[in-house]
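Subject: Structure handover

Dear colleague,

I am passing on the structure we spoke about, and below it I have set out what was found. Please read the notes with the structure open beside them.

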Amino acid sequence: MSANTAQYDLTMRMIPYLDRHLIYFLLRFLEIKEVYATEDLVKAQYDLFVNTNMVDFIIESYKNINQTDDVPKEFDDKREQVLAQLGDMEAKAQKVMSVLEKPELVAALRQDNGQNLEDLKKQYNITEEMIDVLYEFGQLQYSCGRYGGAADMLYHFRILSSDQERCLSASWGKMVCEIWEGSWDAALEEIQNLREVIDQKNFASPLQQLQQRTWLIHWSLFVFFNHPKGRDGIVDMFFAPAYLNTIQTTCPWILRYLATAVVINRRRKTQMKELVKIIEQETYEYRDPVTEFIEALFINFDFEGAQKKLKECEAVLSHDFFLNATEADFMENARQFISETYCRIHQKIDIKDMCQTLNLDQEEGEKWIVNLIRDTRVDAKIDFQENTVVMNTPVTSVYQQVIERTKGLSFRSQVLASNIKRREQAAQQDVAAQ
């Protein structure tokens with residue numbers, strides 16, 4: 001991989017805001033893409049989990065790093081210890097789970113967690129300590145990499161517990177579990193749930209709320225770029241004032257993902273104007289080929305610069321864990337944005353120049369332009385003799401321009417006169433009262 005592309009790798013910036021079980025995805029991707037030395041990345045993955053209960057992974061990583069089949073006895077001892085812990089916790093949790101699995105109880109569970117616990121205490125002698133076992137068992141399974149079982153325990157704990165802090169922690173853990181399981185609908189629900197809690201909870205300081213939002217922004221990337229509706233979800237969430245403020249304050253590099261989401265989502269084309277304004281504001285805080293492409297095209301109208309940046313975008317997207325799968329859509333839509341902008345400010349366009357601007361050969365470029373005119377219904381025609389595209393830009397007469405600009409003048413004048421009259425009457429009433 002070129003030093004240039006390595007320069008735009010965001011892994012180190014993101015790590016402080018991610019759980020180790022999510023960081024693994026990024027390190028594994030970097031290993032596959034050979035971004036850095038393979039030995040360093042394998043060692044980093046080992047260090048990531050060496051203090052967890054993922055004993056089998058630790059042993060395999062140790063063998064790989066040291067090129068040996070012999071492993072320290074402490075690893076085998078730890079495996080036995082973890083298996084014993086799992087067995088013990090499972091037996092304790094089963095006392096609660098056997099009750100929760102009763103169909104009549106599931107149907108009767110209410111939203112009020114306190115009331116749920118009261119009902120269980122009266123009917124089945126379930127205590128708060130027994131409910132806490134579900135959390136502890138879920139936490140243990142999570143640290144072992146048993147994500148399906150952990151998600152189930154954390155879900156049931158959250159239904160029954162009234163401990164708000166642990167319920168919040170359970171929601172974060174369950175979200176990671178759903179990501180590992182590839183349950184994107186469930187993971188999206190967890191994002192919505194966490195967003196609600198973060199927005200409504202009274203934190204000790206605004207800084208804590210800002211930190212929670214920063215985490216959610218980073219964790220949500222795993223879901224938004226995998227869920228079928230994620231392209232809309234990321235735009236809706238990241239443009240929300242509270243989250244946009246968070247991005248600008250703590251993690252401006254997230255603009256890469258917001259910019260990509262807007263470019264690849266043609267239905268959100270109208271939000272490009274807002275995105276351009278944000279990128280222009282943050283240009284001194286954060287820049288990369290994706291944001292620079294937007295800047296070159298929509299701020300500077302530098303088509304040659306936009307073309308160069310688009311080539312760089314191709315390399316950056318292909319080596320970004322989250323954006324790797326969006327590369328084709330990004331390149332296609334980016335070319336469309338270039339051509340639409342180019343067409344808006346030119347009346348006659350040389351097809352050869354247009355192909356160079358779009359970084360396409362002559363044949364591909366001609367096909368692309370024909371498809372663009374057909375799909376976007378641009379009012380234009382191709383002159384194959386002169387090898388040009390002629391834009392049929394309607395010319396509005398001076399009289400029509402005057403009519404359009406003065407259309408609302410009469411109404412605004414009436415409103416202004418009404419306001420003046422109301423103020424005069426109020427002033428006269430004040431004078432009379434004195």
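Contact here means heavy atoms within 4.5 Å. With that cut-off, and bearing in mind that this is a predicted model, Glu 178 touches Ala 151, Ser 183, Ala 186 and Ala 187, once residues up to four places away in sequence are left out of the count. Glu 178 has its place in helix α11, which covers residues 164-181, and with a relative accessibility of 9% it counts as buried.

As for the chain as a whole, it contains 24 helices and three strands, and 45% of its 434 residues count as buried.

Two packed helices are described by the angle between their axes and the distance between the axes.

For helix α5 (residues 55-66) and helix α6 (residues 73-100), the axes come within 10 Å and cross at roughly 165°, which makes α5 roughly antiparallel to α6. The crossing of α5 and α6 is left-handed. On the α5 side the contact is made by Val 55, Asp 56, Ile 58, Ile 59 and Tyr 62, and on the α6 side by Phe 75, Asp 76, Lys 78, Arg 79 and Val 82. Sorted by class, this contact of α5 with α6 has six nonpolar and four charged residues, and no polar ones.

For helix α18 (residues 289-299) and helix α20 (residues 327-344), the axes likewise come within 10 Å, and they cross at roughly 15°; α18 and α20 are therefore roughly parallel to each other. Their crossing is left-handed. Here α18 contributes Val 290, Phe 293, Leu 297 and Phe 298 to the contact, while α20 contributes Phe 330, Ala 334, Phe 337, Ile 338 and Thr 341. By class, the contact of α18 with α20 has eight nonpolar residues, one polar residue and no charged residues.

Methods. Residues are numbered from 1 along each chain as its sequence is written. This is a predicted model: local features need pLDDT of at least 70, side-chain atom pairs count only at pLDDT 80 or more; totals for chains, interfaces and linings use all residues. Side-chain values use heavy atoms; hydrogens and water are left out. Axes are lines fitted to C-alpha atoms, for helices over the stretch in contact, and angles run from 0 to 180 degrees between N-to-C directions. Helices (H or I, at least four residues) and strands (E, at least two) are DSSP runs, numbered from the N terminus. Angles under 35 degrees count as roughly parallel, over 145 as roughly antiparallel, 65 to 115 as roughly perpendicular and the rest as oblique. A crossing is left-handed if the near helix is turned anticlockwise from the far one by less than a right angle, and right-handed if clockwise. Ala, Val, Leu, Ile, Met, Phe, Trp, Tyr, Cys and Pro count as nonpolar, Asp, Glu, Lys and Arg as charged, and the others, Gly among them, as polar. Buried means under 20% relative accessible area, exposed over 50%, partly exposed in between (1.4 Å probe, protein chains only).
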